[in-house]
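Please look through the sequence and the structure before reading on. The report below takes them one topic at a time.

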Amino acid sequence: IVVRVCALGLKPHKTRTSEVMTRDVVGCRPGDDLKRAQELMVKFRKSRIVVWEEGKLAGVISLADIATRDQPFTAETLREVAAREVLDVYGHLTAHH
């Protein structure tokens, strides 16, 4: 909401989810290891991906979820994915002004 609504100066109570939702959803399976989720986030420059189980949404995993685990998590991975977030907001801001 902060990135896609407030930063654009939109009113949350007047903005439809379809106007700000992510359309290109990336996902993994519950049995995939965290390395796979991290690779998908970097490849598709997403800070969150969905977890699908038998065709249904089982959950969402974020960069923060991975960073807090006992697994190597480099600053480079965070930087690569976060760059997309900044560009996404900047692109929306320039398109609306």
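In which strand is the place of Val60? Val60 lies in strand β3, which covers residues 56–62.

## The model and its confidence

The structure shown here is a predicted model, and its confidence therefore deserves a look before its details. The protein chain has an average pLDDT of 80, and 74% of its residues score at least 70. Among the elements of the chain, strand β1 (residues 27–28) has the highest mean pLDDT, 96, whereas helix α4 (residues 75–96) has the lowest, 60.

## Helices and strands in order

The protein chain contains four helices and three strands, and when these are read along the sequence they follow the pattern α-β-α-β-β-α-α.

## The sheet

The three strands make up an open sheet in the order β1-β2-β3, and the pairing within this sheet is mixed. Strands β1 and β3 are the edge strands, since each of them pairs on one side only. In general, the strands of a sheet pair through backbone hydrogen bonds, and they may do so in a parallel or an antiparallel way.

Both ways occur here: β1 and β2 run parallel and are joined by two bridges, while β2 and β3 run antiparallel and are joined by six bridges. Val50 takes part on both sides, for it is the bridge partner in β2 of Gly27, and it also stands opposite Val60 in β3. Strands β2 and β3 form a hairpin with two residues between them, and in the turn Glu54 has a positive phi of about 55°.

## The buried core

Of the 97 residues in the protein chain, 27% count as buried. In soluble globular proteins, nonpolar side chains tend to be buried together. The largest nonpolar core of this model has eleven residues, namely Val26, Cys28, Ala37, Leu40, Met41, Ile49, Val51, Ile61, Leu63, Ile66 and Val81. At least two residues of this core come from each of α2 (34–44), β2 (48–53) and α3 (63–67), and the largest share, three residues, is supplied by α2.

## A nonpolar patch on the surface

Which residues form a nonpolar patch on the surface? The patch is formed by Val25, Trp52, Leu57 and Val60, which together have about 400 Å² of accessible area.

Conventions. Residues numbered from 1 in each chain as written. Heavy atoms only, no water. Patch = residues over 30% accessible without salt bridge, like charges linked within 9 Å, V, L, I, M, F, W, Y side chains within 5 Å. Areas by Shrake-Rupley, 256 points an atom, 1.4 Å probe, with all protein chains shown as cover. Salt bridge = Lys/Arg side-chain N within 4 Å of Asp/Glu carboxyl O. Core = buried A, V, L, I, M, F, W, Y, C linked by side-chain atoms within 4.5 Å. Buried < 20%, exposed > 50% of the residue type's maximum accessible area, 1.4 Å probe, protein only. pLDDT = per-residue confidence, 0-100. Pairing = 2+ DSSP bridges.
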